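Thanks for asking for a second pair of eyes on this one. Below are my notes, as numbered points, to read alongside the model.

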Amino acid sequence: MSGVREPLNYGYYPGCSLHASAKEYDLSTRALFGALGIGLTQVPDWICCGATPAHNVDELLSLSLCAKNLILAETVPGDLAVPCASCFSRLKTTQHELTGDAAKHKLVAKGIESRVPLAKKIKHPLEILGRDLGLEPLAAAVKKPLAGLKVACYYGCLLTRPPGVSQLDDAEAPTIMEEVIGAAGAEAVIWSHRLECCGASFTLSRPGVVVKLTADILAAAKDAGADCLMVGCPLCQGNLDLRQREVEELAGGRYGLPVLYLTQLLGLALGLSADRLGLSGLMVDPLPLLKRKGLL
Amino acid sequence: MSRIGVFVCHCGENIARTVDVEKVAAAAARLPGVVFATDYKYMCSDPGQNRLKKAVAEHRLDGVVVAACSPRMHEKTFRSAARAAGLNPFLCEMANIREHCSWVHEDRAEATAKASDIVRMMVARTKKDNRLAPISVQVTKRSLVIGGGIAGIQAALDIADAGHQVVLVEREPSLGGHMAMLSETFPTLDCSQCIMTPKMVDVANHPNITLHTYAELETVEGYIGNFQVTVRKKAKSVVEAKCTGCGVCSTKCPQKKIPNSFDRDLGMRPAIYAPFPQAVPNTPVIDREHCTKFISGKCGVCQKVCGPGAIDYDQQDELIVEPVGAIVVATGFELYDIGRKPEGSAIKGYGEYGYGTIPDVIDGLTFERLASASGPTGGKIERPSDGKEPKEVVFIQCVGSRAPQKGISYCSKVCCMYTAKHTVLYKHKVHDGQAYVFFMDARTPGKNYDEFWRRAVEEEEALYLRGMVSRLYQRGDKVVVVGSDVLSGSQVEIEADLVVLATAVQARGGADTLAQKLGISYDKYNFYSEAHAKLKPVECATAGIFLAGACQGPKDIPETVSQASAAAAKVMTLFAKDQMEREPVIARVDERRCAACFACRKVCPYGAVAEKAIRDRQGKLLRTVASVNDGVCGGCGTCQATCPSKSIELDGYTDEQIDAMIEAL
């Protein structure tokens with residue numbers, strides 16, 4: 001590579017999940033980006049994006065919540081890093097809706113008493129690592145390659161969809177997760193349920209549905225020979241990890257599949273400690289697997 | 001002083017809904033030179049035309065303006081009426097207040113004012129119309145047919161049987177097109193090859209048909225009755241006159257690993273090949289891209305084994321110029337490919353079906369080859385991945401069709417019927433097998449079509465599931481089909497051994513380029529446009545060019561054959577006269593003013609301008625001027641806009657007339 005690279009700096013919108021159930025996603029994202037020399041500046045006074053419930057109840061409310069965050073995001077420099085797939089999707093959807101529909105923009109602007117800036121680039125960490133930083137520099141930063149680890153990359157519904165809104169990768173046949181984890185030396189298994197829905201927030205209202213969906217996903221990953229799953233969404237992680245025991249009881253088998261955030265797996269490859277990556281926060285303990293594979 | 005009559009048409013409600021036609025007529029009546037103005041509900045009807053004729057006589061009109069639809073629609077109608085009333089037809093003009101006004105505006109007052117403006121302009125122009133006489137041109141009674149599928153074959157045979165010469169051009173080494181690839185045909189299940197190959201032979205043996213296979217249209221010049229087409233005959237590397245079609249060359253060719261596109265890549269073929277055993281002509285061609293002789297210079301086996309010495313490695317492409325009077329375009333279709341498409345492409349492909357990477361997911365045409373007795377499996381249903389006989393087969397309709405989000409919103413028309421046929425053929429060959437069909441609607445209009453579909457469902461026990469398939473993925477050696485059954489309101493998952501996609505019928509790649517060569521129009525999907533959706537379904541807007549088959553839109557075989565015969569009938573109508581009249585709207589040179597710069601010749605797209613010598617009585621050359629060939633001029637007016645000395649003008653569109661129109665505005 002020629003010349004000196006501009007240091008990468010991003011605004012950071014963690015979202016509610018990363019402050020609660022997915023603390024380890026926040027922890028590992030900050031640790032990984034720090035280790036890679038990528039700057040993160042948290043958006044001051046950020047508020048909830050409305051996630052999956054708000055837009056089902058009141059579209060205007062859900063757009064306004066995100067619009068408010070887009071206004072706040074203007075106060076920090078750089079593109080906006082958004083690790084939660086749901087926040088990512090809602091912010092992108094809001095930009096898409098307000099860009100394409102002047103009347104809607106007017107309505108939202110009236111509600112929050114401000115026009116909404118729509119030019120900020122919203123980026124998932126996958127995009128930052130795989131595209132902005134690039135696979136080669138990422139691979140070059142790896143200190144402990146994840147050799148021998150078979151990873152089932154799980155995109156879920158929201159990372160790549162809807163087509164034309166997310167624009168992270170091909171909506172139905174993406175490759176960015178596989179590319180990124182491949183750069184860290186792991187083997188991405190070929191499997192069927194990468195893009196199936198896990199049931200997301202139905203975990204509270206329709207747990208039966210969620211158990212069935214997660215069971216299918218876990219079984220498919222196991223069948224494909226995966227050692228663990230890699231996710232980029234706190235809701236997916238919650239369902240697959242938290243409900244795994246329940247699924248096992250129902251199905252009568254054992255999956256034993258740790259469900260790690262992409263930032264945790266990459267952090268390991270960069271030599272970060274289990275503590276700094278919040279590995280103890282996971283329900284299905286990844287430590288035995290990682291020790292077995294000689295990665296810890 | 002002129003005596004112009006103005007006739008304002010309501011066009012039912014098409015015009016009258018938005019334009020106050022009475023007001024337009026009243027305003028026209030007040031224009032200087034207008035002696036009569038009226039309005040009528042349907043001017044193009046018989047009573048409407050009679051009004052026009054009567055008014056010409058009663059009011060001694062010397063010009064007529066019909067304010068109605070586009071001249072493309074009815075100019076001919078009203079000019080004929082004017083002629084019948086004794087008026088030179090070119091003194092009758094159309095003011096387009098439908099397409100240019102009522103259809104595109106909503107405000108009644110504004111539309112009425114605009115209609116009056118249009119009428120006023122046309123009145124000003126008509127006052128300066130000249131009496132023109134139609135031009136007679138010779139008709140070359142030979143026809144070009146482009147495409148050697150069933151459409152082209154039918155059109156060629158009909159025209160040739162009527163006693164006219166036909167030049168048939170086919171891109172592939174053999175006639176046959178898609179129909180030759182099919183196994184059996186719906187709704188009677190007669191073998192496609194059995195009904196197709198005799199017609200192919202008829203073409204080859206017909207004394208009136210010149211057949212160029214492995215050939216493509218290079219250029220087209222001229223106009224109706226007088227086209228000059230250049231055909232590129234690609235080098236076959238085999239001398240047709242010497243070749244006996246024995247096939248030894250193909251048998252001995254050491255390079256045998258080239259995917260056979262006629263078998264949808266299911267089988268392999270050698271580098272020197274005829275696409276299939278019943279090919280017409282039976283002359284093989286060398287696929288130079290894959291031939292070892294052409295790649296490395298070594299080999300030459302075919303030349304050594306060829307008894308008659310027909311192999312010629314040095315053969316060159318040949319350009320053949322053919323004069324023809326009419327052209328039938330019958331270039332057919334291709335199937336939607338679910339593979340990944342470049343970013344920004346209107347066609348999206350199916351990532352959820354694996355972009356075509358799952359080996360046991362095939363398209364309908366591939367299934368035809370599997371089911372065909374002359375196919376790569378000899379008619380045994382064997383799936384591509386491991387050659388096993390599939391026991392559970394899922395057919396998915398409307399893949400690509402009726403899916404605007406995938407780039408195509410139209411219905412491909414043939415898939416409902418051919419999928420029903422596939423389930424029947426499958427059941428006949430695999431008695432213990434089960435066919436499932438995911439469908440949106442079963443569209444089966446056509447003679448004995450719905451009965452056929454019912455037979456597939458009721459007698460052959462195909463299980464029809466109404467709903468879409470959201471995902472296909474490989475699990476072990478099965479293809480898992482995840483779909484919905486909206487009638488039972490449940491999600492369905494089927495472990496299939498084989499999945500057959502009824503992919504959309506699309507225009508051929510390159511259809512747009514051919515259309516540009518021919519000067520014909522096409523829609524956003526690159527299907528060729530007929531001159532009128534209902535009343536001129538086989539004619540192009542470009543005179544002398546006709547359409548047959550799926551190049552105009554998805555069609556099944558009966559419909560294709562009907563259209564081909566209709567196109568042939570139109571060609572015969574054109575050939576019924578030795579001379580044809582053409583519109584005299586052509587450019588004329590004012591020889592006194594022409595400065596002989598020949599800017600007109602440079603810009604003329606028809607090559608209609610030549611140099612003309614002006615000599616005195618002793619034959620001494622005085623000067624040269626530009627001169628327009630009446631037969632060749634297309635009447636586009638480019639020369640008129642270009643001429644620096646304003647000495648070339650289009651009859652009916654003179655500068656004086658255009659100026660008058662602008663002044664009237």
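1. In this predicted model, the centres of domain 1 and domain 2 of chain A, taken over C-alpha atoms, are separated by 23 Å. Domain 1 of chain A spans 9-123, and domain 2 of chain A spans 133-292. Their contact draws on 24 residues from domain 1 of chain A and 27 residues from domain 2 of chain A.

2. Which elements of domain 1 of chain A give two or more residues to the side that touches domain 2 of chain A? They are α1 (23-35), α2 (51-57) and α4 (85-100) of chain A. Of these, α1(A) gives the most, with nine residues. By class, this side of domain 1 of chain A has 12 nonpolar, nine polar and three charged residues.

3. The contact between the two chains is worth a look as well. Chain B brings six residues to it and chain A brings five residues. On the side of chain B that touches chain A, three residues are nonpolar, one is polar and two are charged.

4. Now to a sheet in chain B. Three strands form an open sheet in the order β11-β12-β17 (chain B), and the pairing is antiparallel. Its edge strands, β11 (215-223) and β17 (318-324) of chain B, each pair on one side only. On average, neighbouring strands of this sheet are turned by 20 degrees against each other, direction ignored. Strand β12 (residues 226-233) of chain B is joined to β17(B) by seven bridges, and B:V229 stands opposite B:E322 in β17(B).

5. Strand β6 (residues 142-146) of chain B pairs with β18(B) in the parallel sense over four bridges, with B:V329 as the bridge partner of B:I146. The pairing of β18(B) with strand β29 (residues 545-547) of chain B is also parallel, over three bridges; there B:V328 stands opposite B:F546.

6. Two peptide bonds deserve a check by eye, given that most peptide bonds are trans. The bond from A:R161 to A:P162 is cis, with omega near -5 degrees, and A:P162 sits in the loop between β5 (150-153) and α7 (176-183) of chain A. In chain B, a cis peptide bond joins B:F186 and B:P187, with omega about -5 degrees. B:P187 is in the loop between β8 (184-185) and β9 (190-191) of chain B.

7. Next, two backbone angles. Phi of A:Q167 is positive, near 55 degrees, in a residue other than glycine. A:Q167 lies in the loop between β5 and α7 of chain A. Is A:Q167 buried or exposed? A:Q167 is exposed, because 12 other C-beta atoms lie within 10 Å. B:R60, not a glycine either, has a positive phi of about 50 degrees. B:R60 is placed in the loop between α2 (46-58) and β3 (63-68) of chain B, and counts as exposed because it has 11 C-beta neighbours inside 10 Å.

8. A last point concerns B:P605, in the loop between α16 (599-603) and β32 (609-615) of chain B. Why does B:P605 count as exposed? B:P605 counts as exposed because it has 11 C-beta neighbours inside 10 Å. Leaving aside residues up to four places away in sequence, B:P605 touches B:G634, B:C636 and B:T638. The C-alpha atoms of B:P605 and B:C633 are separated by 8.9 Å, and these residues are 28 residues apart along the chain.

Key: Residues numbered from 1 in each chain as written. Chains lettered and ligands numbered in written order. Predicted model: local features only at pLDDT ≥ 70, side-chain atom pairs only at ≥ 80, totals over all residues. Pairing = 2+ DSSP bridges. Axes fitted to C-alpha atoms, helices over the stretch in contact; angles between N-to-C directions. Buried ≥ 20, exposed ≤ 12 C-beta atoms within 10 Å, placed from the backbone. Contact = placed C-beta atoms within 7 Å. Nonpolar A, V, L, I, M, F, W, Y, C, P; charged D, E, K, R; others polar. Domains from an automatic or database assignment.
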